[in-house]
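I opened this notebook to record what I looked up in the model. The entries follow the order in which I consulted each topic.

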Amino acid sequence: MSGRDPFCQPRRIRRGAALTLLFTSVLVAGAATGSLPQADRESAPDEARSISPAGSHAAVARAAEEAMADGKSPMEAAKRAVSRSGDRWGAVYSRGEYEEFEETLDGQYTGVGLWARSERDGRIEVTKVRAGSPAATAGIRPGDLLRSVDGEKTDGRPVTEVIALLRGDATDAPAGTTVRLGLERGERAWTETLRRAQLTTDSVTVRELTGPVTVIKVDTFTKGSGDQVREAVRQAPPGGVVLDLRGNSGGLVTEAVTAASAFLDGGLVATYDVEGAQRALHAEPGGDTTRPLVALVDGGTMSAAELLTGAVQDRGRALVVGSRTFGKGSVQMPSRLPDGSVAELTVGHYRTPSGRGVDGRGITPDLETDDSALQRAETVLRGLASPS
């Protein structure tokens, strides 16, 4: 979708050419998506779905073209066609929205500083609030439900559409413009009007605990985050590492593969399928394979983060601690519509090195725990590091 690294496409899209891994339920301030090049088409057995990728793209394009010929909105017609297709992760963006989303992958965005996800009942839940952001200043907290944006109800909408409402279009919703949120917390329902701001994504943070244990927290996989993880591992003192992927809603798949390369000496990270063709994503050789490693996950761990988790778990490189991950493992392809808007539709799925499908299933930790997960991870690491 956006791409400035080896697997990514230029910003201009050729119809049906660029493949993306769409990581929805991302920064509510901006969608994080991962791109794969035309040459990297792959495929594995498809999940049990009734979606015909080629047919869906054709139907959406046809609906947009017919609407334009009738003097109606191609984008609105495309949205209706996507809704009818049964594609859970399908979405339609205006040109400006799409470019704004791409810029998020460079580590900056205009928004209010929320992370959110779509619950299985269709409600949109806030999962994280950036410190110092407009959302934090307004007192919004993780667990709050986002029920409306500028008067439009969010229940049942794809989270990508909610993101688009929050961000607005690149041309008419710059920093300083306002957005009105309808929120709910328990029995309380209220409205907040926030002013959008220019924010940056500090996607990788590092801290040291006694033990010694180094905690590498990755919020999203934006451009450069994979190299930041590798550098953090190189700079870490002797001891174990906790790779904290809790609440990580995904991002650029290439950055997740680079992060995996910090802990693997080459080898398979994942496969993905697109319309009958399959390829593999491999780690670079030379990673640290001796340092004890625990991957920390929860229900907010999605997409690229699940891809990384599955790789280190299947390869026997890490013990995974926490709760079952979200289960978002589908591949989307973007195509340009007649009015310049962009339709993203599901065309395939990715799998872990052992062949496990993630979409709709998630990854089950080796050690399941909801409370004091980091403390449990520390205990595990110290056990792994103890001489036998």
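Entry 1, terms and source. I took helices (H or I, at least four residues) and strands (E, at least two) as DSSP runs, numbered from the N terminus. I counted two strands as paired if DSSP finds at least two bridges between them. The model is predicted, so I noted that local features need pLDDT of at least 70 and side-chain atom pairs count only at pLDDT 80 or more, whereas totals for chains, interfaces and linings use all residues. Residues are numbered from 1 along each chain as its sequence is written, and side-chain values use heavy atoms, with hydrogens and water left out.

I found nine helices and 21 strands. Of the 388 residues, 60% are buried (under 20% relative accessible area; exposed is over 50%, partly exposed in between, with a 1.4 Å probe and protein chains only). I took contact to mean heavy atoms within 4.5 Å. Among contacts between residues at least 6 apart in sequence, 71% join residues at least 24 apart.

I looked up an open sheet of six strands with mixed pairing, in the order β12-β13-β14-β17-β18-β21. Its edge strands, β12 (204-209) and β21 (367-368), each pair on one side only. Within the sheet, β14 (residues 240-244) pairs with β17 (residues 293-297) in the parallel sense over four bridges. I noted L296 of β17 as the bridge partner of D244.

I used axes that are lines fitted to C-alpha atoms, for helices over the stretch in contact, with angles from 0 to 180 degrees between N-to-C directions. Helix α8 (residues 304-314) lies across β14, β17 and β18 (319-322), and runs at about 145 degrees to β17. Which angle do α6 and α7 make where they pack? Helix α6 (residues 225-235) packs on helix α7 (residues 253-260) at about 15 degrees, with the axes 7 Å apart. I therefore recorded α6 as roughly parallel to α7 (angles under 35 degrees; over 145 is roughly antiparallel, 65 to 115 roughly perpendicular and the rest oblique). From α6, the contact is made by S225, G226, D227, V229 and R230, and from α7 by E255, T258 and A259.

D150 is not a glycine, yet its phi is about 50 degrees. I located D150 in the loop between β7 (145-149) and β8 (152-153). Is D150 buried or partly exposed? Its relative accessibility is 37%, so D150 counts as partly exposed. S303, also a residue other than glycine, has a positive phi near 50 degrees. I found S303 in the loop between β17 and α8, and S303 counts as buried because its relative accessibility is 0%.
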